[in-house]
Amino acid sequence: MLLQIQDGSLSAGSQTLLSHFHFEIRGREKIALIGSNGAGKTTFLRLLAGELSLDRDDKRTSKGLVTSRRITVGFLNQQPFTDLSITVEDLLLSACPCKDPFDRARFDWEQEYDRIFTGFGLKKEDKKKRLEQFSGGEQTKIALIHLLLQKPDLLLLDEPTNHLDLETVEWLETYLRTCDSAAVIVSHDRFFLDQVVDTVYELSHHTLTRYAGNYTAHRAQKEKNRRLQEKAYTRQAEEIQRLEQLIERFKHKPKKAAFARSRKKILERMPRVEKPAAQDAHRFTDAITPKISGPKWVWQAEHLQIGYDQVLTELSLRIRRGQKIGIIGPNGAGKTAFLKTVAGCLPPLKGACSLGERVELAYYDQMTAGVTSEKTVADHFHDCFPALTEKEVRSRLGAFLFPGKDASKRVKDLSGGERSRLVLAELFESGPNFFLLDEPTNHMDLPARETLESAFQAYTGTLLFVSHDRYFLRQAAQSLLIFEEDSVHYYPFGYEHYVARCRDQKSFKDPAARIRAEEQALVLGLRSVPRAEHHRLQEISTEQAYEEWRFQAVLEPLSKIRLELEHWEEAKDPLREWEDDLFCKERMQEKEALNQRYTACCLAFYDLWLEFHPESSL
C-alpha cells in the first residue's frame, strides 16, 4: 500500500467536498479521478500533493493520511510555471540527480532526457529557448517532461492531455503504462483514461467510490449498480406500501391491534434504500430506425477530386447502407471538404459522385449548431414538428437531456453544447437514413457525449462523421476513412482495432494494414453475394472479407511468379545451353532471381497465415 486515507473529510472554505471517505493507492496503480466540474478533483490532488490537509476530526480514530514509506510526489497542475525567464535546459537539468557531467549515470540520464524530449514532439535545439518563447501547450509539454524526468513515486496529473497533439498523447499513454510510478490522473479524455488507468475513483455527492478497471469498465459497473439499487428501491417501496396498508387496515381492530403495532415497528426499523440518482446520460435501448431504409448503395464516387481552390485529395469510394464510418486525419487533409462534397455543399473539382435513390440526408456542422430563437426549447421543437403532441415533444427533448425546466429555456440562452443537442434532436426526429456530421461532440460535456454515442449505436441508418474524440470514434464507428497528406485509406474495422494494429510496428509499416479507398470496393464486393447464388452462398463477415483480401494481396504475386517459373521451364533450349556457356550462366541467374522472389512470397504467405492463425503452423 503506497498511500492510504481512512475516514477522511475534505473541505474548500466553508464547503464540504468529501465526508468520511476512504482512498488508497496500491503499488504502481494508475488511478483516474473523475467527477463533474466543481466536485473538487483538483482540490483532492492538492491534498495528495501535501498542499492541503484533511479536516480536523476529534472523533476520528485512524491516522487519516498515511504512506508506507517516505514517498516523492510530482504534481502537474494547470499553471505549471511561475518563472518563465529560464531556459528549458536549465529547468530540466535541475532535475538531474547526478551533477558530474562526465559520470556514467549522468550520460544515461541525458539519454532518457533526449528520449522523452523528442517523444513529446520537441526538437533538441529547443532546449536553448526560454520558457516564455513557448506556447501554452508547449509549456504543458515541458512541465510534464520535467515531472517525468524526476521519476517520483507518485505522479499527480491534472488534465495532462490538454494542448497535446494526438501523436504526443499516444506516446504519453505508452510511457505511463510502463513507468514505475503510481499515478492519479484527472482528465476528460476518456480514451486516454481507458488506455492508461486500471482503477477509477468517482467523486460525486460528497462521496468517493472506487471501481476496478478502466473508464469503460467503471461505466458498466456503475450502470449495473444503479439498476440493482433501482430494483431494491422499487421492492422496498412495494413492501412499505404493503405494510402501511396492513397497519391502516388493522390498527382500529382490538384483536389485530398488536399485529398492526408489530408491523409499524418493522416499518420504523427498516433500513431505507436510497432512491438511485437520475442518470447523467440517456441510454437509447430501442433501435432508432430511419423513416425510409434507402438503397443498398448510399453514395458512390469515382476518381473524385475534392477541395476548395486546389485539389486536397482524390478518392473512389462506395458507401453501403448501414455502414458507420469515422473519418480521421490531420487538419488540412480534406476531411471537412469531403463531408461538404458528399452533402452537396461543395462541388467536386473533378470526377463523379452520386447519392443513391431515396437517400434522405442530414448534415450537421458547427454552423448548423448556431441556431438561435426567442422561443423556448419546447416551443421551437414543436414548431419544427407540429404533428407531435406535447407529451411526445417532452419525451423527445428529455432523451437529449432537456428534461422539465430545461425545455422551458429560451433557445438564445442555451450554451454551445446545448444548442448542438437541440439541433441533433431535430435531425434525429426528421428520420434521415444518411447522417453526415462534422465534429458533433464539440462543446459537449460527458453526459451529452455519452447520450450521442448511445443514439448512434442504436441508429440503424448510415453514418459518416469527422471527430477528434477517440472514445466517441471507438463507440460510434465500425470502420474508418483515414485521410493523409496525399491519399485516403479505408480501414474495415473500428478505431480500437486500428490503434492496436498501429502499435505493432510491423503492421504499422505494412501498407496492407490499410486499404486504399479505391480498393475498398474489392472488400465490399467480397461481402456482397450475387442474388442468383443466394441459394448456395451466404454473405461473409467483414473479418472474413478482410482476411480474404489480405491473402489475395499475397497470393496474386505468388501465382504470377509460379507462372513465370513455368514459362522459364518451357523456354528451355537444351542444344543452346550445351553450346553457349554465357547463355547458360544468364539463364541460371534468371532462375535464381525467380526462386528468390518465389521464396520471399512464400515467406510472406507464411507470416500472414500465422497472423490470422497463430495456433497453427505450416
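1. Helices α12 and α13 are roughly parallel to each other, a label for angles under 35 degrees, with over 145 counted as roughly antiparallel, 65 to 115 as roughly perpendicular and the rest as oblique. Their axes come within 12 Å and cross at roughly 15°; α13 covers residues 446-458. Axes here are lines fitted to C-alpha atoms, for helices over the stretch in contact, and angles run from 0 to 180 degrees between N-to-C directions. The crossing is left-handed, meaning that the near helix is turned anticlockwise from the far one by less than a right angle; clockwise would be right-handed. R421, L424 and F428 of α12 make the contact with A448, L452, A455 and F456 of α13, where contact means heavy atoms within 4.5 Å. By class, this contact has 6 nonpolar, no polar and 1 charged residues. Ala, Val, Leu, Ile, Met, Phe, Trp, Tyr, Cys and Pro count as nonpolar, Asp, Glu, Lys and Arg as charged, and the others, Gly among them, as polar.

2. On the basis of the model: it is predicted, local features need pLDDT of at least 70, side-chain atom pairs count only at pLDDT 80 or more, and totals for chains, interfaces and linings use all residues. Residues are numbered from 1 along each chain as its sequence is written, and side-chain values use heavy atoms, with hydrogens and water left out.

3. The protein has 618 residues, of which 45% count as buried, that is, under 20% relative accessible area, against over 50% for exposed and in between for partly exposed (1.4 Å probe, protein chains only). Its secondary structure comes to 20 helices and 19 strands; these are DSSP runs numbered from the N terminus, helices being H or I of at least four residues and strands E of at least two. Among contacts with a separation of 6 or more, 68% join residues 24 or more positions apart.

4. Helix α12 (residues 416-430) also packs against helix α10 (residues 377-384), at an angle of about 25° and with the axes 11 Å apart. That angle makes α10 roughly parallel to α12. The crossing is right-handed. On the α10 side V377, H380, F381 and C384 take part, and they meet L422, A425, E426 and E429 in α12. These residues divide into 5 nonpolar, 1 polar and 2 charged.

5. Helices α7 (residues 215-250) and α8 (residues 257-269) have axes that come within 9 Å and cross at roughly 150°. The pair is therefore roughly antiparallel. α7 passes α8 in a left-handed crossing. I240, L243, E244, L246, I247 and F250 of α7 make the contact with A257, F259, A260, R263, K264, I266 and L267 of α8. The classes are 10 nonpolar, no polar and 3 charged.

6. Helix α4 (residues 136-150) is largely enclosed by the rest of the structure, because 12 of its 15 residues are buried. The buried set includes K141 and H146 as well as I142, L144 and L148. Its cover includes β5 (73-76), α2 (88-93), α3 (104-119), β6 (154-158) and α5 (166-178). The end C-alpha atoms of α4 are 22 Å apart, which agrees with the 21 Å that its 15 residues should span at 1.5 Å a residue; the expected span is 1.5 Å times one less than the number of residues. K151, which follows α4, has a positive phi, near 50°.

7. In helix α1 (residues 41-49) the buried residues are K41, T43, F44, L45, L47 and L48. Just after α1, G50 takes a positive phi of about 90°.
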